[in-house]
Amino acid sequence: MFIEPRKYNIHTGWIEVICGSMFSGKTEELLRRLKRAKFAHQRVEIFKPQIDTRYHQTLIVSHDDNQIQSNPVGVAENILLYSNEVDVIGIDEAQFFDNQLPEVCNILASKGIRVIVAGLDMDFQGQPFGPMPALMANAEFITKVHAICVCCGNPAGYSYRLADSDKTILLGEKQEYEPRCRTCFNQGMALKKNI
Ligand code: ZN
């Protein structure tokens, strides 16, 4: 369980990254941290990329229907426009943002803001996803959460795509992806190659 560091200096900000595969509980962990900050009367703003409208335009909704109000933004730079008078910033589905996001998070953290970023670390081919590698390099704290492999029950770090498409961004739900461990992911990818 992630425990927040003590704020020895009130001007100190930092970046936290929550990463993992689909169905690993990333958004739930983001919401847990944000709700606790809100309860402590900290000023919280939440952002998500405009592209992610699976469930609702302005609510961040996790798979278990936990939800919180968010601001959809088109490009990462716009987050800076809405970040005055804020103590904590949450960013969900970070993998879909442009490559300016790491620099935007650096600027915010250097201003003294606690920045919490959640996103998929790998795409459906097992490759690092969008701005996530740079965010993880810049972050003070990284939490990698795991799903459970639907094939064998081991911890799962990969999002295996069931649908037959090679677009990197395919927003999906249970019918299109399943979490798999390394072995079962590799077996699935090998089978697809042979078809
Ligand atoms: Zn497995």
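Which residues of H1 are buried? They are Lys26, Thr27, Glu29, Leu30, Leu31, Arg33, Leu34 and Ala37. Buried here means under 20% relative accessible area, exposed over 50%, and partly exposed in between, with a 1.4 Å probe and protein chains only.

Some ground rules. This is a predicted model, where local features need pLDDT of at least 70 and side-chain atom pairs count only at pLDDT 80 or more, while totals for chains, interfaces and linings use all residues. Residues are numbered from 1 along each chain as its sequence is written, and side-chain values use heavy atoms, with hydrogens and water left out. Helices (H or I, at least four residues) and strands (E, at least two) are DSSP runs, numbered from the N terminus.

Back to H1. The helix covers residues 26–39, which is 14 residues. The expected span is 1.5 Å times one less than the number of residues. That gives 20 Å for H1, and its end C-alpha atoms are 20 Å apart, so the two agree. After H1 comes His41, with a positive phi near 65°.

Next, the aromatics. Rings of Phe, Tyr and Trp (its six-membered ring) pair if their centres lie within 6.5 Å; planes under 30 degrees apart count as stacked, over 60 as edge-to-face and the rest as tilted. The count by this rule is 6 aromatic pairs. Take Phe96 and Phe129: centres 5.8 Å apart, planes at 85°, so edge-to-face. This pair links distant parts of the chain, 33 residues apart. Phe96 sits in the loop between strand S6 (88–91) and helix H2 (101–110). Phe129 sits in the loop between strand S7 (114–120) and helix H3 (132–138). Phe96 is buried at 15% relative accessibility, and Phe129 is buried at 7%.

Now Tyr158 and Phe185. Their ring centres are 4.5 Å apart and their planes at 20°, so this pair is stacked. Tyr158 belongs to strand S11 (residues 158–161) and Phe185 to helix H4 (residues 182–194), so the pair ties together parts 27 residues apart in sequence. Tyr158 and Phe185 are buried. There is also one aromatic cluster formed by Phe2, Trp14 and Phe141.

Charges over rings next. The test is NZ of Lys or CZ of Arg within 6 Å of the ring centre and within 35 degrees of the ring normal. Arg33 has its charged end over the ring of Phe2, 4.0 Å from the centre. Lys192 does this over Tyr160, at 4.6 Å.

On to the metal. What are the protein donors of the zinc ion? Cys149, Cys152, Cys181 and Cys184 each give SG, at 2.3 to 2.4 Å. Donors are N, O and S atoms within 2.8 Å of the metal (3.2 Å for Na, K and Ca); water is not among the atoms, so sites may look incomplete. The spacing in sequence is C-x2-C-x28-C-x2-C. The 4 donor atoms subtend angles of 100 to 118°, so the arrangement is tetrahedral. Cys149 is buried at 3% relative accessibility, whereas Cys152 is partly exposed at 40%.

Last, a strand residue. Gly119 is in strand S7 and is buried at 1% relative accessibility. Its C-alpha lies 6.5 Å from that of Ile18, 101 residues apart along the chain. Beyond four places in sequence, Gly119 has contacts (heavy atoms within 4.5 Å) with residues including Cys19, Lys26 and Met132.

How values were computed. Tetrahedral: all angles 85-135°; square planar, octahedral: opposite > 155°, others 65-115°.
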